[in-house]
Amino acid sequence: MKKISLLLIALMSLCLPIQAGVVYLDLDGNVVDQSFTTNNLYVEMYAPQQPNGVSVMIYPGGAYEWKGMTYEGSDFAPFYNNLGITVFVVSYQLPYGSSTAPLASCERFMRAAKKKATEWNINPDSIGVMG
């Protein structure tokens with residue numbers, strides 16, 4: 001029974017997507033500790049093992065009341081990483097009365113991504129946005 005269980009675990013691990021670990025950034029593209037993510041705006045960067053230069057910034061939904069960072073954000077990272085696409089899941093500013101706040105967060109991180117494109121192995125002209 002143990003041998004069958006170990007064999008099943010080994011086979012299942014072959015089906016898992018290949019993905020590097022997450023790197024946490026502030027909206028200016030600086031690396032931060034995960035503890036920074038509490039009550040701050042941040043970005044989760046998921047870099048593929050073989051980047052093709054394309055990247056996508058995901059802005060998770062939540063009706064401008066909260067953000068579904070996992071199921072509308074990081075859950076998409078393995079799919080895109082397997083295609084060679086770098087994924088940025090952005091914890092953006094919620095409006096709370098300022099309709100321009102979310103867009104300002106997007107623009108701020110877009111500037112940082114273009115500035116750090118070479119460092120992150122992305123093409124500054126191949127950055128998509130979804131959310």
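Modeller: Gladly, and please keep in mind that this is a predicted model.

Biologist: Which residues have the most contacts inside the largest nonpolar core?

Modeller: Those are M57, F88, F109 and W120, in a core that has 19 residues. Two or more residues of this core come from each of β2 (42–46), β4 (86–91) and α3 (101–115), and α3 provides the largest share, with five residues.

Biologist: And what does the second, separate core include?

Modeller: That one has 12 residues, among them M69, I85, V87 and V89.

Biologist: Switching to the sheet, in what order do the strands come?

Modeller: The five strands form an open sheet in the order β1-β2-β4-β3-β5, with mixed pairing. β1 (22–25) and β5 (127–130) each have a single partner strand and stand at the edges, so one side of each has no neighbour in the sheet. From one strand to the next, the twist averages 20°.

Biologist: How many bridges join β3 to β5, and do they run parallel or antiparallel?

Modeller: There are four bridges between β3, residues 55–58, and β5, and the two strands run parallel. One of the residues to look at is I58, whose bridge partner in β5 is M130.

Biologist: Where does α3 pack, then?

Modeller: It packs on the sheet, where α3 touches β1, β2, β3, β4 and β5, and the direction of α3 makes about 155° with that of β5.

How values were computed. Residues numbered from 1 in each chain as written. Predicted model: local features only at pLDDT ≥ 70, side-chain atom pairs only at ≥ 80, totals over all residues. Heavy atoms only, no water. Core = buried A, V, L, I, M, F, W, Y, C linked by side-chain atoms within 4.5 Å. Buried < 20%, exposed > 50% of the residue type's maximum accessible area, 1.4 Å probe, protein only. Pairing = 2+ DSSP bridges. Axes fitted to C-alpha atoms, helices over the stretch in contact; angles between N-to-C directions. Contact = heavy atoms within 4.5 Å.
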